[in-house]
Amino acid sequence: MAVGGTHHTRLLIDAVALERRVALIENDRLTRLWIDRGGPARFDIHLGRVSKLMPEMAAAMVALDGMADGLLPFDRYHGPLHEGQWVLVQISRLGFEDKGVKLTGRIAIEGVGMILRPGANHIELPRKLKDGVKRAELLDLLSTLQADADGIMLRSVALDWTADTITAEYKLLKSQLQKAQKALSEASRPQLVSKAQSETDQVIERHLMAGGACVVDGTGEFVRLRGLLTMLGKSDGNLVRHVGRRLLFDDQDIEEEIAAALAPRVELDGGGWIAIDPATALCAIDINAAGADAGRDSETRAVDVNLRAATEIVHQIRLRNIGGLVVIDPLRMKSRAGRDKFDAAIRDAFGDELDGAVQIGGFTRLGLYEFSRQRAGESLRATLFAPRGRARLLPDAALNSVVRAAVAETRNGVSGMIDLSVNSDVAKTLADRDDAIQILTNAFGVAPKIVADPTLEDDAYRLEKN
């Protein structure tokens with residue numbers, strides 16, 4: 001999802017714990033949430049070794065460093081493949097739920113202002129650039145830089161960059177490519193040869209480069225982003241550091257919106273509600289009138305409630321990052337005009353996603369409405385909760401929740417020698433995480449004593465002076 005900047009949008013960044021949480025606020029409402037805990041990123045470049053050919057799937061399995069083997073389709077690699085072969089590959093889709101990592105041999109190295117495609121032998125400028133003189137100047141500059149039949153795609157954010165900045169970006173991407181090619185020529189073991197920006201970093205940087213407002217809670221992240229803007233010759237006037245006795249997400253009521261996004265029931269403005277039930281094979285959504293507009297004729301009432309629900313359904317699908325098949329059971333509408341209005345409302349709400357990410361199936365003979373949405377990583381719920389049994393927080397989610405809560409306590413005057421009681425799993429994780437202990441030490445002024453309390457669950461904790 002491309003995120004730009006307007007006076008209607010802003011990013012809120014919570015970077016006080018081990019993870020970063022980035023909230024996109026549009027028209028004063030949370031519309032997307034990214035949770036970044038590090039690890040593999042889309043567009044990471046690996047030196048891998050073909051471990052198995054699978055002609056029946058027209059693909060090969062490739063052994064990677066530090067992660068499960070990835071799937072490389074034959075049509076995403078130039079040339080023949082054989083078992084034991086060393087290959088340069090790039091992650092095109094991260095693994096999630098029961099799906100593994102998907103790879104491509106068609107490398108594309110992404111920077112802030114351009115994308116470098118080795119061997120593509122073309123130069124592409126943004127279509128929005130209509131100034132003929134400016135286009136000619138940029139084409140001349142990129143043609144001068146182009147080496148080894150590279151493909152260079154300039155992004156819109158780079159249109160007001162200086163020639164020196166564009167040149168520096170190209171040289172940086174080229175050096176990453178050369179590093180990868182050198183690793184291939186000296187291959188002895190699978191390895192990560194070029195670390196890509198995470199989706200979270202791309203969202204933040206594109207928003208900032210477009211002049212969007214950005215509020216940061218966390219000194220290290222604020223300093224990093226201010227340094228990035230300085231390096232690119234941009235003003236940091238749209239970058240604000242959050243200060244205060246409450247954490248940013250608490251202060252802006254984002255924690256409440258996140259909790260609501262995990263609930264199965266969503267109330268509709270004007271009456272009625274929707275029930276969202278994600279399962280393995282599909283996500284089922286039921287629209288209920290619940291007494292809304294009582295007294296009106298049934299058709300008008302059904303159409304009005306369904307139209308209110310349509311916009312909210314798309315909002316929830318994006319916020320919860322739900323992909324795959326979605327089946328909606330709307331209130332029954334007898335008229336073709338009512339069904340057409342509902343279909344148009346769904347399409348309008350998805351907007352640009354209809355260009356490829358969303359495929360509309362429409363109404364079925366039973367009156368259900370179907371569409372599919374391309375999966376893009378884990379859903380919000382899967383990012384936070386274990387997949388089986390009762391809804392337990394994942395270990396990383398519980399750890400970060402405790403760290404954030406402890407930092408929040410220090411902003412209300414708690415400091416010094418502290419006993420921090422947490423559940424046994426969190427205590428065990430803290431024992432192996434020096435980075436987490438360092439955050440707590442910085443917050444309290446001294447490292448707290450970690451006490452394992454098996455009576456505490458998930459992210460529950462207790463602070464006591466010692």
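## Overall architecture

Of the chain's 466 residues, 45% count as buried, where buried means under 20% relative accessible area, exposed over 50%, and partly exposed in between (1.4 Å probe, protein chains only). The model is predicted: local features need pLDDT of at least 70 and side-chain atom pairs count only at pLDDT 80 or more, while totals for chains, interfaces and linings use all residues. Residues are numbered from 1 along each chain as its sequence is written, and side-chain values use heavy atoms, with hydrogens and water left out.

The chain contains twelve helices and 24 strands; these are DSSP runs numbered from the N terminus, with helices being H or I of at least four residues and strands E of at least two. Its C-alpha trace spans about 70 × 70 × 50 Å along the principal axes.

Among contacts (heavy atoms within 4.5 Å) with a separation of 6 or more, 65% are between residues 24 or more positions apart. The accessible surface, from the Shrake-Rupley method with a 1.4 Å probe, comes to about 23000 Å², and carbon and sulfur atoms contribute 51% of this area.

## A three-stranded sheet

An open sheet of mixed pairing is formed by three strands in the order β23-β22-β24; two strands pair if DSSP finds at least two bridges between them. Strands β23 (449-452) and β24 (461-465) stand at the edges with a single partner strand each, so one side of each lacks a neighbour in the sheet. From one strand to the next, the twist averages 25°, with axes being lines fitted to C-alpha atoms and angles running from 0 to 180 degrees between N-to-C directions. Strand β22 (residues 418-422) runs parallel to β23 and is joined to it by four bridges. Serine 421 has valine 451 in β23 as its bridge partner.

## Two residues of helix α2

Helix α2 comprises residues 163-185 and includes glutamine 176; threonine 167 also lies in helix α2. The contacts below leave aside residues within four places in sequence.

| Residue | Relative accessibility | Class | Contacts |
|---|---|---|---|
| Glutamine 176 | 22% | partly exposed | Ile109, Ser194 |

The C-alpha atoms of glutamine 176 and asparagine 288 are separated by 54 Å, and the two residues are 112 residues apart along the chain.
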